Amino acid sequence: MEKFSVWKDILWTGDDGGFHYNITQRSPKLMTYLNPQPLTEFTPLTMVLHGPAGVGKTTLARELMLDWTQDDLAETSNSAFYLSCKGLNHRGPCTFEELISANWPHVQDDILAILAGAEKVLFILDGFDELKVPSGALIHDLCGDWKEQKPVPVLLGSLLKRKMLPKATLLITTRPGALRELRLLTEQPLFIEIEGFLEEERKAYFLKHFEEESQALRAFDLMRNNAALFQLGSAPSVCWVVCSCLRQQMESGADPAATCRTTTGLFLRFLCGRFAPPPGGGPRPGLQAPLKPLCLLAAEGVWTRSSLFDGEDLRRLGVDPSALCPFLDRNILQKSEDGEACYSFIHLSVQQFLAAVFYVLEPEEQEAAGLGGRRRRVGDVQKLLSQEERLKNPSLTHVGYFLFGLCNERRAVELETTFGCLVSTAIKRELLRYTLMPQGKKSFSVTDTKEVLRCLYESQEEQLVKDAMAHVKEMSIHLTNTSEMMQSSFCLKHCANLQKISLQVGKKIFLENDPALKSDPQNEMSQHDHHSLQLWADLCSVFSSNENLNFLDVKESFLSHSSVRILCEQITHVTCHLQKVVIKNVSPASAYRDFCLALVGKKTLTHLALEGSFHGDKMLLLLLCEVLKHPRCNLQCLRLGSCSDTIRQWADFSSALKVNQSLKCLDLTASEFLDEGVRLLCLTLRHPKCVLQKLSLENCQLTEACCKELSSALIVNQRLTHLCLAKNDLGDGGVKILCEGLSYPECQLQTLVLRHCNINRHGCKYISKILQGDSNLTSLDLGFNPIATGLCFLYEALKKPNCNLKCLGLWGCSITPFSCQYLASALVSSRSLETLDLDQNAWGQSGIVVLLKALKQNNGSLKTLRLKMDKSTMEIQRLLKDVKENNPRLTIECSDARTTRSSCCDFFS
C-alpha cells in the first residue's frame, strides 16, 4: 500500500485570489494512470484511493480523469466516465450503456465504439463508501452484456468483479470504512492512501492565511496541541475552519487558547462566528428556523453514512432549499451544480458537529418545526452511544464527543444567543446513564477509560465530571500523547473517591532522555518537553491533592529525569497519602533511585515494589536501606525484583532488615544471591528482632547447598509462616534438608511453595513424612515437578488423621489416570484437605470418572477442586451434576489446555 500527500484545488472565500494546492509528491504507481501505456500482464487495472474525509480523493480522481483524456501520446483518444455512488443510489434498472451515458449525452452515438476499446477507458467510481445497496447485491447475478437491463448494484458488481469490460481501468475513491468490502470485490487492486496535508503543509497553509507570522505560528501550535484537531487538519477544509476561527478571535482581542482546548469549542466558535450579532445584540433574525432542518440533515446523513444530499433528500426531510442559504453564504455548506443541485458540508467533522447540535435542541422545538416525524432514520442517544452502533458507524463516535462538548453551560448559552434556539438540559442525564459505567463497578477498562476521559474532557464541565466519576475507585491510564495527558489531568482532579491509579506512559511524550532524538533541533525538543512537563505537573498534582488516593502503579513507562523529579516532588508532599507504590519496567534506570529517595521517611507507605532494569545499580540497595532504617518507616511489604548486588550491599541490606521493625513481607524474586548472600539473609532470619513473616526467593538460582542455612533459619525463626522457593533447582537432596528443619516443633511455617524445583519420588517421600508428623504446614505447592511416581507417598499422608494440610497444588505434575484410584481414596479419607489443584494433568476421561464417583460420597473435607478437562462426555456431565447435588459444598473448576498459571505469590493482592 502506497502513501503520498495531495493538496486540494479549492478557493476559499477570504483568500485573496485563492490558495492553490498542488500535488507535492507523485506516486510512481500513479504514472500508469496519468499517462496510459499499452497494458501488460503486470499493469494493475483497479486502483483504490482511500483516506479520511476531505483530504482530496475526489479532486485527485478528477485530475487523473483529466490527465487520462488529455494524453497527447495516445494513437487514439482515451475516454473517462465519472460515476458518483451517491447519485447511483436513486437510479433504477438500466443497461450499462445507459448508466454511463446519462451525464454525457454527447457521446451516446459513439458509446459502442468506446466500450469496444475498453483498454482505453477509465471508470471513476467516486465515494464507494456512500453506496447503499442490500447485502450481497454486488456479487449476485453478475452480467457481462452492457446492453442488458439490470439493477444498478448488479452493473457495478459486474464492473468491479471484471465480468463487465474486463480490460477497462477502474479508479475507486473511498473512506477507510469500506476497504474490507472492496478487498473482497476487486481483482488485484492497487491501494493508495491519500494522507492530505502533512505537518509542514499545514504549517505552510497557516503562514499563508495569517498576515503576521507570529499569529500564524501561535495558531498552528494551538492546533498541534490538540491531537484530535491536528489529525483532522490533514483535510485542507479543516485548516481553513481553524484559521478562520482563530484569526477572528485574535482580531477581536480574545484568547484563542481556550477555543482550541477542545474540538467542540473550536467548531462552536467557528459556527457562531460566521453570524455576527445584530447591532442591538441578541440572536440574529432568521437563523432559528433554518438551523433545525440543517441539523436534521446532518444527523440523518451521519446515521445513513451520507455526506452528499440531493433534492430528493431535502424533500423527504421537508427542508426548503432557501432555508440553507445562510449556511451556503458562509461556507458551512457547499452546493454542487453538476446536474441537479447537491449539497454537502464543507467537511465531515462539521456535519458531525451539527448532528450533535440536533440532539441538544429542545424536542418541543423540533416538533414545532415539524421535524418530529421525519427523524425516523436518526437513532436516539442510547443508540448513538452504544458500542455496537459505533463499531458499525465510526462517525457516531465523533458525534458523541461533540455531544459531550455541547453539555457545557457556557457553550449552550453561546448557541442559544447566536441562533435563538433552546438547548436541552436533560441531555446530561442521558449521557451519564448510557455512556458511563453502571453503579457498583469500581473501575474502567483501559479502553473504556480513554473513551470516558476524552468525552468528559470535551465537556469542560466540572460538575458533570464529578457526577460521572463519583463511584470510581480505580483507574488505568495509558498515555500516548499530550492530549491524553491533558484529558486525564482534567478528570482526575474531580475524582474525589479515587484510590488507585495505574499509569503507563508511552514513548515520545518526554524527549529529554530519548537517544533516538539527539539529532533533532534542541529548541523544538525543549519546547515540546516544556509543554509536556507542564501538563505532567498538572496531572501529578492529584497525588498531593486527593486524600483518598493511596495506590500508585507505574509500569512499562518511558519517563525522563524531569518528569520523574516532578512526580517525586508530589510523592514527598505532606498531603500525599500513598500507601502502595509499584514501579515496574520504567526508564530511565535512575528513576528507581529517585523514587527510593522520595520515599525515605514516608510514614504512610506500607507496600513498595521495584522491578525492572536496575541491574548493577549500587546505589539502589543503599537507598532502600535508608528507607528501611528510617525511624518513620512503616513499610510492611517490599518486592525487589531482579536485583544483582555485591556481598557488601547484601550485608548492608541484611543489617537494615534487623533494624526495621515493620517489614512483614519480603519478595526478592529473580535476585542473584550467591551462597554468601543466602547466608547473610538467613543470619537475618535467625536474628531475634527479625519480624519477617513472608519471604519469596523465587528464581534466585538457589541450589541444594543453600538449603542447610534455610533449614536452620526455619527452626530458629518463630515468625516466618510463608516461604516461596519456586523455580530453584533444589532437587530431592535440598528437599530432604528443608524437611529436617520443618520437622522441628519450633518451626512455624504454614505455606511452602516448591513449584519447579526438580523434585522427584524421593522428595515426595521426605515431604510425606513431614505431613504425617506434627508439622504446622497447611499449604503446599509442588506444581511442575516430575513426582508422578512419588504421589503414592503424598496420598498416604493425606489419609492420616494428624495431617493438617488444607491446600495442595499439583499443577502440571504429569499425573496419569493410573493413580486416580489412589487419589480418590485419599480424598474420601482426608479430614483436612480443602483445596486441591490438579490442573494441566492428563487425566483422561477414565481418570476423571473415577474421581467424580468418589466425590459423590460427601464424606470428605474437600471444598475446591481444579481439573483440566479437554472433553466432557455425557457420563462426565451426569457425574458432575450428581457431585453438585450430593456434595454441595464442593466447587469443581474445570479449565482447558490454554489456561495459564498466575505468579507463585503476590503479597500485594
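The predicted model comprises 909 residues, of which 54% count as buried. Its secondary structure consists of 40 helices and 23 strands. Among contacts between residues at least 6 apart in sequence, 79% join residues at least 24 apart.

Two helix pairs were examined in detail. Two packed helices are described by the angle between their axes and the distance between the axes. Helix α8, spanning residues 199-209, packs against helix α9, spanning residues 213-224, at an angle of about 140°, and the two axes lie 8 Å apart. Because angles count as roughly antiparallel when over 145 degrees, α8 and α9 are classed as oblique to each other. Their crossing is right-handed. On the α8 side, the contact is formed by Glu199, Arg202, Lys203, Phe206 and Leu207, which meet Glu213, Ala216, Leu217, Ala219, Phe220, Met223 and Arg224 of α9. The residues of this contact divide into 7 nonpolar and 5 charged, with no polar residue among them.

The second pair consists of helix α11 (residues 236-251) and helix α13 (residues 263-273), whose axes come within 9 Å and cross at roughly 70°. Since angles of 65 to 115 degrees count as roughly perpendicular, this description applies to α11 and α13. Helix α11 contributes Trp240, Val241, Val242, Cys245, Leu246, Gln248 and Gln249 to the contact, and these residues meet Leu266, Phe267, Arg269, Phe270 and Gly273 in α13. By residue class, the contact of α11 with α13 contains 8 nonpolar, 3 polar and 1 charged.

The structure holds 31 salt bridges. One of these joins the side chains of Lys150 and Glu148, with a nitrogen-to-oxygen distance of 3.5 Å. Lys150 has a relative accessible area of 13% and is therefore buried, whereas Glu148, at 33%, is partly exposed.

Another salt bridge is formed within a helix. Glu389 pairs with Lys392, and the closest N and O atoms are 3.5 Å apart. Both residues belong to helix α20 (residues 387-392); because they are 3 residues apart, about one helical turn separates them. Glu389 is buried, its relative accessible area being 13%, while Lys392 is partly exposed with a value of 47%.

A further salt bridge connects the side chains of Lys856 and Asp882, with 3.9 Å between N and O. Lys856 is located in the loop between α39 (844-855) and β22 (864-868), and Asp882 is located in helix α40 (residues 874-886), so this pair ties together parts that are 26 residues apart in sequence. Of the two partners, Lys856 is partly exposed, with a relative accessible area of 28%, and Asp882 is buried, with a relative accessible area of 16%.

Several backbone features were identified in loops. A cis peptide bond joins Ser587 to Pro588, with omega at about 5°. Pro588 itself lies in the loop between β12 (580-587) and α30 (591-599).

For Gln188, phi is near 45°, a positive value in a residue other than glycine. This glutamine lies in the loop between α7 (179-185) and β6 (190-194), and with a relative accessibility of 73% Gln188 counts as exposed. For Gln701, phi is near 60°, again a positive value in a residue other than glycine. Gln701 is found in the loop between β16 (694-696) and α34 (707-716). With a relative accessible area of 60%, Gln701 is likewise exposed.

Key: Residues are numbered from 1 along each chain as its sequence is written. This is a predicted model: local features need pLDDT of at least 70, side-chain atom pairs count only at pLDDT 80 or more; totals for chains, interfaces and linings use all residues. Side-chain values use heavy atoms; hydrogens and water are left out. Axes are lines fitted to C-alpha atoms, for helices over the stretch in contact, and angles run from 0 to 180 degrees between N-to-C directions. Helices (H or I, at least four residues) and strands (E, at least two) are DSSP runs, numbered from the N terminus. Angles under 35 degrees count as roughly parallel, over 145 as roughly antiparallel, 65 to 115 as roughly perpendicular and the rest as oblique. A crossing is left-handed if the near helix is turned anticlockwise from the far one by less than a right angle, and right-handed if clockwise. Contact means heavy atoms within 4.5 Å. Ala, Val, Leu, Ile, Met, Phe, Trp, Tyr, Cys and Pro count as nonpolar, Asp, Glu, Lys and Arg as charged, and the others, Gly among them, as polar. A salt bridge is a side-chain nitrogen of Lys or Arg within 4 Å of a carboxyl oxygen of Asp or Glu. Buried means under 20% relative accessible area, exposed over 50%, partly exposed in between (1.4 Å probe, protein chains only).
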